[in-house]
Amino acid sequence: MAQIIPLAEGTFTVDKTKIFKPFHPESDRLQDRPKGSLLIEIQPFLIKIDQAYILLDTGLHLEQDGEPLLYQVLRKHHIEPEQITHVLLSHLHKDHAGGISKRLADGTSVLSFPQATYFVHQDELKYALSHASEPDAETTHYTGSSYEEEEFELLFHNNQVVLLDDAGYIEPQIRYALSGGHCPYHVVFWIYDQEETIFYGGDVAPQYLQLKTRYIAKYDYDGKRSMELRQQYVEQGKREGWTFLFYHDVQRPVMKLI
Ligand SMILES: [Zn+2]
């Protein structure tokens with residue numbers, strides 16, 4: 001049986017400066033946050049199947065006590081960064097891919113998970129690199145985040161990285177498909193374990209409630225496509241009993257639709 005561990009990094013506010021600031025729902029008052037800022041929950045997932053430790057997206061590029069925040073979240077679950085075998089990236093916006101690397105004391109960066117193979121769509125990587133220095137237009141995520149250039153250089157010509165094409169299997173139990181929608185080369189994943197199908201829709205299906213209504217989101221590259229995909233995932237997911245994982249939903253991270 002697959003073990004699913006949501007790795008909540010917390011809730012953040014983000015405004016025009018595109019800097020994510022921790023927000024504590026128990027003590028911080030919503031009305032005190034900067035005007036025009038958005039509240040966003042960030043939550044990668046760890047799926048453990050047999051000997052595989054599969055990380056779904058990597059969270060923000062945040063450090064705490066001199067190490068990546070995600071290391072600390074993993075350790076709460078008694079998992080060491082060296083144990084991660086697969087890093088699956090839905091896309092490279094910085095709230096999903098910020099944690100791919102960490103900075104060393106000498107100022108250079110290395111991939112955060114030394115034993116893992118990273119999987120990213122080949123065109124998403126090219127797109128991210130060519131759009132990194134453009135601050136607005138279609139690269140702007142609804143969080144105000146965009147692509148962070150220097151980190152992506154690490155993904156090129158790295159024997160720890162496998163570049164994905166449009167659909168296929170990473171392992172017999174891990175399937176992926178190019179979805180587009182949120183950004184042109186967004187990828188979604190299915191993980192199969194015995195009778196279970198786990199579905200990770202990244203930012204095409206980021207929150208449980210977003211599957212309940214039909215809407216076109218302004219922050220999507222192709223909002224109509226995202227809406228149609230959600231509809232499709234909901235129908236198939238209900239029929240086949242998928243377990244959905246929601247990256248931006250700390251309240252309801254793991255749900256089956258009925
Ligand atoms: Zn996101």
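**Exercise 1.** In this predicted model, determine how many residues of strand E12 (residues 117-121) are buried.

*Solution.* Step 1: apply the cut-off, under 20% relative accessible area for a buried residue. Step 2: count along the strand. Four of the five residues in E12 are buried, so the strand is mostly covered.

**Exercise 2.** Work out which bridges join E12 to strand E9 (residues 86-88) and to strand E13 (residues 161-164).

*Solution.* Step 1: take E9. Three bridges link E9 with E12, and the pairing is parallel. Within this pairing, Val87 has Tyr118 of E12 as its bridge partner. Step 2: take E13. E12 and E13 also run parallel, joined by four bridges. E12 pairs with E9 and is joined to E13.

**Exercise 3.** Classify Lys102 as buried, partly exposed or exposed.

*Solution.* Step 1: locate the residue. Lys102 is part of strand E10 (residues 101-103). Step 2: read its relative accessible area, which is 22%. Step 3: compare this with the limits. Buried requires under 20% and exposed requires over 50%, so Lys102, at 22%, is partly exposed.

**Exercise 4.** Describe the surroundings of Lys102, leaving out residues up to four places away in sequence.

*Solution.* Step 1: list the contacts. Lys102 touches His61, Pro68, Tyr71, Thr108, Ser109, Val110 and Ser112. Step 2: look for a polar contact between side chains. Lys102 and Tyr71 have one, at 3.4 Å. Leu55 and Lys102 are 47 residues apart in sequence, and their C-alpha atoms are 16 Å apart.

Key:
Residues numbered from 1 in each chain as written. Predicted model: local features only at pLDDT ≥ 70, side-chain atom pairs only at ≥ 80, totals over all residues. Heavy atoms only, no water. Buried < 20%, exposed > 50% of the residue type's maximum accessible area, 1.4 Å probe, protein only. Helix = DSSP H or I, 4+ residues; strand = E, 2+ residues; numbered from the N terminus. Pairing = 2+ DSSP bridges. Contact = heavy atoms within 4.5 Å. Polar contact = N/O pair within 3.5 Å; in protein donor to acceptor, adjacent residues only side chain to side chain.
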